[in-house]
Structure formats: structure tokens, C-alpha cells
Amino acid sequence: MADVQKRGPAGRSPVNTEGLKPDLVNPKGGIAGFNPAPSIERAGAVEVVVSEAVPAGTTCLGIAVGAEGPVPAELGVDRAMLSTLGFEGKEGQTLVLPGGDGKTVIVAVGLGEPAQVDAARLRDAAAAFARAVEPHPRIATTLASTAGLPPELAAQAVVEGVLLARYRYDALKRAPQRPALTRLALVAPTDRRDALLRGVERGRVFARAAQLARDLANTPPAHLSAIRMAEVATTIAAHSGLDVEVFDGEQLAELGCGGILGVNRGSTEPPRMIKLTYRPKDAQGKPLKTTGRLSIIGKGVMYDSGGINLKPGDDMHVAMKLDMSGAAAVLASMSALAELGCKAVVTGYLMCTDNMPSGSAMKMGDVLTIRGGKTVEVQNTDAEGRLMLADGLVLATEEQPDALITIATLTGAALRTFGTGTAGLLGNNQPLVDQVSAAAKKTDERAWQLPLDRRYRKELDSEVADMKNVGGANAGTITAALFLDEFVGNIPWAHLDICGPMKVDADESWRSKGATGFGTRLLIDLALSFSPPISRV
């Protein structure tokens, strides 16, 4: 049995999670004593091991069963008996059986058609197993060795599926909702051990990052202000190999960032722009040759009331603490880059503020001046995210990266178009959009491309300013992207509208109820595989 808890890829040390706790629970801003990132504090509490046999103390073993083919002998029943019990081996099916030793519960875990099993289906199967055995803290499974996938990829998918499915946001509950997972064992032949270990470590890092994004998005707005977000980002950056710069309101005014300052006008909480930079280094801290420069701008509306255009008091309004999910995904994804050995230079901009109604709030008809001088007439104060992203985009373009990414819970139109399972994807450069699509497919954070149809650009024309912040009643996701397109210059850019998949209302595969952390794993994969698009236009 090999314990990989302390291992890091390519000689790199894992993030020092112990060092994060003191800074995160003693804030200068927010609620004193509250930790908005409990998953980081708990990250080392789950032991993930690779073992040839089921480790002692395991109380539950998950065994993979396809919809056809032989049934593993360890299950203790044949296919006829499984069928009698209503288990057909379909994807996502589970069946709990008593173990032969009277101590270990056996769970049949359906994989579906064996020829169709890929990483996404294996991740889903692992999540189904994890949910079926939630009372058990020490579990084991053969999933990683029976799917017919490369061992490293299989191990990563299983670890992600289990850890993300067992995630629960209980930071404000007096007692945990369910027993915590303390050990996950992947049972596999010894000849696969090294590859499985690599996949385990990669899966742990990806899952930890997604859990961090979920934590931040799930945190109530009074507990996570823009100031507090900057404190959290500064602490995480110090332990994740990132440089960090934090800009307050006065500095943003000096930079001419009228978009974020306009949105902030109605709030008693000051704004923050957080700039994170990752530069590849070797184990001795020396710079490495890079594969390109990528800038990612995330919307961080810590709470969105809609401003003067106040949102109705419905379920979506209740969810508006999640309107900073884009910024959470940027921070969380960047926290993983050093540990995974990313070769690209990555810069993240977290544009953070509340959007509140008050006597000082921006009004319909106000004109804001974005960084760089372009003026925008505000015709809807609830179309605020694009105003903030515009400032971030201009700042990012001034550094001339190879590509730009924006990620934001930007439009309800995207939710109405795609539902909660898929993000909208648009961009001005097809090779870059293709890279984002590939990362979305690989991580099963689904995205569907919409056309950046510039025939709709005239809807943003204004009689008193360079442009308006909203278009007509239709094609809202496209016109929002066209607004952002005005600020990217000739740099390749892709945009993810994650309003739909920012949360789920019930457990769904590896997506746990509440904030999903959508985009975090996608951005990690994109950064790891990033190559500059051939064309800049």
C-alpha cells in the first residue's frame, strides 16, 4: 500500500495547507473568526492510497460492473442475481450488498457499456459510488483498474469524482451534516502503481481547487466582502507560488477604472482588484522556458442586488452571493498551477465589489469612463459585470498577452439557453475557442459555442456615449460578449458565461448541491495545455 498524501509531481511540494489556516480565520475584513476556505484546511485530512489489496479498516468496497461482460468474482453474485435485484450495470447505478466477511460492505458500481467508458463516465461512476456510501469514512474501489483507460487518467477521474461528490458546505453548521471521508483506496495491480500515483496526485490537486472555488462561492456575502476576498487571495498566493497585487478604490481611480468604481458606488464596502501572476519556475526557483502568456479576468460581484434595477425577491436573487463565481474560479485554478508544473505564464484579474442600491448608486442614464477612455451609458444597473470586466480587459491587453479569457456569471440569457449543465462560449479567435472547448470536454465542464455575431453590435450604440451596456431584449448572451469584445483589441479572446452551471439545486454526479466551482478545473486544464493561437485576429 502506497500513501501518496505527501507526494508532489515532478519534485514539487504540495501547497502548504497548514500555513493557510491562521491567516484565513483571523480576518481584517468580514466576520471575525470565520474561515471562508474550509476545504483548504481539510485538504490533508483525506488520505488517498494505492493498494494491491483492500486495506485493513476499509468498511466499504466499490466494484466496477459493466452493462455486459463478466461480473467480478469479488462481488459474490452473478449477473442473473444482479438482474433479479434490479441492477443492470447501467452508468450511475449502484447496488449495496453485504460483504462475505461480515465487516466490509460491497457496492456494485455500474459503468454502462464498456466500450463507451471515458474519463467523464468514470468520474460519474466514482461520484455515484461515493454518494452511495456517504456514512462510510474509509472506502476503497476497483474503478481505476477496470475501466480500460490509461491508469493515470483513470485514477485522476476516480479521485475527482469521489472527492467532489463528498464535498459538503457546512462551515456555518454547528455539526457536520455527514461523516467526513478520511481515506480513499484505489485497489489495483502493482504494475500500474506509478501511473496511478501520478493520477491520484493530479486528481487531488484538481479536486482541491474546485472545492476552494465552491467554498468561496457558497460563503454568505457578509462573510466574504471584496476586502476579505483580497485577504484570502493574498494568503493563498503566498502558499501557491503566485505574485499578488491588490488595488483599492483610490488606486483604481488613479488607473481610470470607471467601470468597477461605478458598480461600487452604491455599496458601503470598498472595491478591490486582485492581480495574481504565475511564472513557471524549477525546483530551485529559477525561471523556466514558457509556452505562452495567458490572462484570465474573473467577475467578482460579491453580492448582486441589481443596483437601482433591483432584482425581484426570487430564488435567483437568493443565489446572488454566487455572482463572484468567475473570480473564485480564477483564484482557485491559479492556486494549482505551480503544483501541477504549468509551463505558461498566467495572470489573473479578480474584479471584486458589491452591486447595491443606495443614494450614491449609479443610475440609469449615467455615463462611466472605462480604463482607456471609452465611455459607456448605463441603461441597466443589473448589467454590471461587463462594466467591471471591461476595466480588467483593458489592463490585461496593455501587457500584450498571447490570449485573454473572461469567465463570469454574466447573463440570465445563458441560463435560459443552456440550463444548469452547460456554459456559453464565445470568442474572436477560433483556435483559442477550440482550446477552451477541448479543456471543457476533458474536464466535463461542458461549454457550447455561440456565434459572436457582430450584426448585433448596433444594439449597443448610444446617443450620448461611445456605447451602452445592454442591447435589445433578445440574444443577451451574445450582446454581452459583443460589449466585452470592444475592449480586447486584436488579442485572441474567449469568454465563458457560467451563469447556468454556477450552481445545482440537488446533488448531481460529482456536482454537489450549491456552488459547483464550475470553470476551475477547465481553466487549470487550459493553462496546462495552453499554446498561443496562430493568429491574433
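**Charges.** I counted 57 positive and 60 negative side chains in the protein. Lys and Arg count as positive, Asp and Glu as negative, while His and the chain ends are not counted. The centres of the two sets lie 3 Å apart. I placed each charge at NZ of Lys, CZ of Arg, CG of Asp or CD of Glu.

**Ground rules.** I am working with a predicted model, where local features need pLDDT of at least 70, side-chain atom pairs count only at pLDDT 80 or more, and totals for chains, interfaces and linings use all residues. Residues are numbered from 1 along each chain as its sequence is written, and side-chain values use heavy atoms, with hydrogens and water left out.

**Overall build.** I found 17 helices and 20 strands. These are DSSP runs numbered from the N terminus: helices are H or I with at least four residues, strands are E with at least two. The radius of gyration is 23 Å, close to the 24 Å of the globule rule for 537 residues, so the protein is as compact as a globular protein of that length. That radius is taken over C-alpha atoms, and the rule is 2.2 Å times the number of residues to the power 0.38. I boxed the C-alpha atoms along the principal axes and got roughly 75 × 50 × 50 Å.

**Cover and contacts.** Buried residues make up 59% of the 537. Buried means under 20% relative accessible area, with a 1.4 Å probe and protein chains only. I then took contacts (heavy atoms within 4.5 Å). Of those between residues at least 6 apart in sequence, 77% join residues at least 24 apart.

**Strand β5.** I looked at residues 105-112 and found 7 of the 8 buried. β3 (residues 60-66) pairs with β5 in the parallel sense over 7 bridges. Two strands pair if DSSP finds at least two bridges between them. A64 stands opposite V109 of β5. β4 (residues 94-97) runs antiparallel to β5, with 4 bridges. There, V96 has V107 as its bridge partner.

In which order do its 3 strands lie? I read β12-β13-β17, an open sheet with mixed pairing. β12 (367-369) and β17 (467-468) are at the edges with a single partner strand each, so one side of each has no neighbour in the sheet. β12 and β13 (residues 375-377) run antiparallel, joined by 3 bridges. V367 has E377 in β13 as its bridge partner.

Note on methods:
Buried means under 20% relative accessible area, exposed over 50%, partly exposed in between (1.4 Å probe, protein chains only).
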